[in-house]
Amino acid sequence: SRRRIMPALGPDIAVEDVRMDTRARVATAGGNPLVLTMREYDILELFLRHPGQVLTKEQIHDAIWSYETDLESGLVEVYVGRVRRKLRSADSVTTIDNMRGVGYRLLAVENRPRS
C-alpha cells in the first residue's frame with residue numbers, strides 16, 4: 001500500500017490560483033480546468049499540501065509510487081515536468097521549481113514573461 005506523507009486535511013485545497021476539490025478529483029489553475037492523469041493529480045495534490053516546502057525526489061517517489069518502481073526510473077522528473085507544463089499552459093501564477101540536487105517545490109512565479 002502507498003505510504004502517505006499527505007496529512008488528512010479538508011477536501012478543498014488552494015494555493016495561489018491553483019484549486020483542487022479532492023472529493024471530485026478536479027483541479028483548476030488560473031481559473032482554467034487542469035486535465036490531469038491520476039498520477040499527475042496525485043503529484044499536484046502532494047505539492048499543494050506542502051506549498052513552498054522542498055520535496056525530495058525520494059519523498060515524491062515514495063508518496064506516489066511507493067515500491068512499484070525504482071527511484072532511478074526517472075518517473076518523478078517526467079511527471080513533475082508534465083504537471084509543470086500543464087500549470088504553465090493554464091496560465092497559472094504557480095510553478096513547480098526544480099531545486100537542483102535537492103528536489104522540487106511549489107511556488108509563485110515572479111514576473112513570468114508572457115509568451
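I began with the side chain of Thr 94, which makes a polar contact with the side chain of Ser 92 at 2.7 Å. For a polar contact I take a pair of N or O atoms within 3.5 Å; within protein, one must be able to donate a hydrogen and the other to accept it, and residues adjacent in sequence count only if both atoms are side-chain atoms.

A note on the source. I am reading a predicted model, in which local features need pLDDT of at least 70 and side-chain atom pairs count only at pLDDT 80 or more, while totals for chains, interfaces and linings use all residues. Residues are numbered from 1 along each chain as its sequence is written, and side-chain values use heavy atoms, with hydrogens and water left out.

I placed Thr 94 in strand S5, residues 94–99. Helices (H or I, at least four residues) and strands (E, at least two) are DSSP runs, numbered from the N terminus.

Is Thr 94 buried or exposed? Thr 94 counts as buried because its relative accessibility is 2%. Buried means under 20% relative accessible area, exposed over 50%, and partly exposed in between (1.4 Å probe, protein chains only).

I then listed contacts (heavy atoms within 4.5 Å). Leaving aside neighbours within four places in sequence, Thr 94 is in contact with residues including Val 15, Val 18, Leu 87 and Leu 106.

How many residues of H1 are buried? I found 10 of 11, so by the cut-off above H1 is mostly covered. Among them are Arg 39, Asp 42 and Phe 47.

For contrast I looked up Thr 69, in the loop between H2 and H3. Thr 69 counts as partly exposed because its relative accessibility is 27%. Beyond four places in sequence, Thr 69 is in contact with His 61 and Leu 75.

Last, the whole chain. I noted three helices and six strands, and buried residues make up 39% of the 115 residues.
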